[in-house]
Amino acid sequence: MKTENQDFGKNKYITKQEGSVKFLLHELDNGTIPSKSMNVFYNKRMELNRDISILAVIAYSNIVSQGSLVVVDSMAASGIGSIRLLKNTKTVEKIYLNDINPIAVELIKNNLELNEIESNQAEVLNKDANLLFSEISRSSALPDVISIDPFGTPNLYIDSAFKAIKKDKGLLCITATDTAVLFGVKPKVCIRKYMAKPLHTDYCKEIGARILLSFISRIANINNLGIIPLLTFYSNHFIRIFTITFRGKSKISKDLPKSYGYIIHCKSCGNRSSVIENLLKVPQKCPICLSEKHLSYSGPLWVGELHQKSYLEELNLLNEKFHFKNKNRIRKILKFALNEINMPISYYNIHKISQQLKLSSIPKLEDIIKIIEEKGYKASRTHFDFISIKSDMKIDELKKVLRQNEKLN
Ligand SMILES: C[S@@+](CC[C@H](N)C(=O)[O-])C[C@H]1O[C@@H](n2cnc3c(N)ncnc32)[C@H](O)[C@@H]1O
């Protein structure tokens, strides 16, 4: 992060626009590849993240908290996310925009002024996020919403965020961009950072999201809190989780078996199954191909639901109303996320399996879903991967379905 050249006036900024909001960016940052070394970080490709985050806070206000909100944007950079939130809703009473980078703080102040945001609606802070959370945790009024959007892993901020957030139905919004770690490209780093073994499989995006959720939930648990994920999504090399808190040691203990588990994967045939009880009871042989040496596992990971149906429905309504730039993509993500509820963990990459089976063409996913359902199994699309499907049908039977479908066409 550059700290020199702090003495820049408005003539060293350029004006940009995102959604309906104009904002300033340091002119030296314009057109550069988004990175930590920018004067103030801005990534146009993360607009989708900000679009969904705005809808997520409004949906939370509409159906969970039902009142005016106090929000902490702990890593605000240019402030664009929070300014767009303030411009799109009246439900936010106050936002604290924080960043450790003093150049970002200067820029946030200028961007608030440019957008005529009243000073009683937005306060700018220049602190380390953990220090900020620690100070908040000692105050009498805890915020309704905390957003954590760091470079890479959010793991260092989760514990202090749980100490700072409202204990009952507080909304935590957490981004992770260290997807190579969570998706199993760097397994040892994942064990170190998230205390869980990842798996670099076709469905590693869901495994990564579930490892992150498990980590967040365990940190909640040691703070005598539980979490209910409202929306968990992957896009453009990041995972963003929106989860609310709840209090209650007995509910947390009761929910343990429904929350954490493992996935067992056969690298030979691709069979997978989730284990929520005793890992030692798992057979040492793949039940489908009988291979003994190709069994692998991932976990501990979150085995509960990734989203809440009513929340996704509210998000959908808001998405149709707001006309953000990424409206169509958000509609697709939300539709497939809704389909994922009550479906088993993992998904099958139909393109890859079709190629392995040397099929002459790749079948339409909707046709395969229909055939699987006709055979009495569950099947759906998944937002994690647009060329994959979820199903409780086992891999050997799925392969039969794909071969038979090819013969019929
Ligand atoms: C990925 S950017 C945030 C992007 C921003 N939320 C947006 O939508 O444009 C990460 C920001 O976190 C800030 N940051 C990094 N470490 C921090 C810390 N320990 N406390 C507070 N801010 C931090 C960086 O200066 C940077 O501006």
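Visitor: How many C-beta neighbours does Asp159 have inside 10 Å?
Guide: Asp159 has 15, so Asp159 counts as partly exposed. The cut-offs: buried means 20 or more other C-beta atoms within 10 Å of the residue's own, exposed means 12 or fewer, and partly exposed is in between, with C-beta atoms placed from the backbone.

Visitor: Before we go on, what kind of model is this?
Guide: This is a predicted model: local features need pLDDT of at least 70, side-chain atom pairs count only at pLDDT 80 or more, and totals for chains, interfaces and linings use all residues. Residues are numbered from 1 along each chain as its sequence is written.

Visitor: Back to Asp159. Which helix is it in?
Guide: Asp159 sits in helix H5, residues 158-164. Helices (H or I, at least four residues) and strands (E, at least two) are DSSP runs, numbered from the N terminus.

Visitor: How far is Asp159 from Asn130, C-alpha to C-alpha?
Guide: The separation is 8.8 Å. Along the chain, Asp159 and Asn130 are 29 residues apart.

Visitor: What comes between H5 and strand S7?
Guide: A loop, and Lys169 lies in that loop. Lys169 has a phi near 65 degrees, a positive value in a residue other than glycine. Lys169 is partly exposed, with 16 other C-beta atoms within 10 Å.

Visitor: And Met195, what is its phi?
Guide: Positive, about 55 degrees, although Met195 is not a glycine. Met195 is in the loop between helix H7 (187-194) and H8. With 13 C-beta neighbours inside 10 Å, Met195 is partly exposed.

Visitor: New topic. How do S1 and S2 pair up?
Guide: Strand S1 (residues 13-18) and strand S2 (residues 21-26) run antiparallel, joined by six bridges. Two strands pair if DSSP finds at least two bridges between them.

Visitor: What sits between S1 and S2?
Guide: Two residues, and the two strands form a hairpin. In the turn, Gly19 has a positive phi of about 60 degrees.

Visitor: Now the sheet with S10. What's the strand order?
Guide: The order is S11-S10-S12, in an open sheet with antiparallel pairing. S11 (272-275) and S12 (295-302) stand at the edges with a single partner strand each, so one side of each has no neighbour in the sheet. On average, neighbouring strands there are turned by 20 degrees against each other, direction ignored. Axes are lines fitted to C-alpha atoms, for helices over the stretch in contact, and angles run from 0 to 180 degrees between N-to-C directions.

Visitor: Which helix packs on that sheet?
Guide: Helix H8, residues 204-222, touching S10 and S12. The direction of H8 makes about 45 degrees with that of S12. Contact means that the C-beta atoms of two residues, placed from the backbone, lie within 7 Å.

Visitor: How many bridges link S10 to S11?
Guide: Four, between S11 and S10 (residues 260-266). Within that pairing, His265 has Arg272 of S11 as its bridge partner.

Visitor: Which peptide bond is cis?
Guide: The one from Gly299 to Pro300, with omega near 0 degrees. Pro300 is part of strand S12.

Visitor: Is Lys251 buried or exposed?
Guide: Exposed, because Lys251 has 10 C-beta neighbours inside 10 Å. Lys251 belongs to helix H9, residues 249-259. Beyond its neighbours within four places in sequence, Lys251 contacts Gly226 and Phe246.

Visitor: What about the domains, where do they run?
Guide: Domain 1 covers 44-258 and domain 2 covers 348-409. Those bounds come from an automatic or database domain assignment. The C-alpha centres of domain 1 and domain 2 lie 36 Å apart.

Visitor: How many residues of domain 1 contact domain 2?
Guide: Five, and they meet five residues of domain 2. H8 and strand S8 (225-235) each supply at least two residues of that side of domain 1. By class, this side has two nonpolar, no polar and three charged residues. Ala, Val, Leu, Ile, Met, Phe, Trp, Tyr, Cys and Pro count as nonpolar, Asp, Glu, Lys and Arg as charged, and the others, Gly among them, as polar.

Visitor: Last one. How many residues surround the ligand?
Guide: There are 21, and the closest are Met75, Ala77, Ile100, Asn101 and Ala129. A residue is near a molecule or strand if its C-beta atom, placed from the backbone, lies within 6 Å of it. The shell has 12 nonpolar, five polar and four charged residues.
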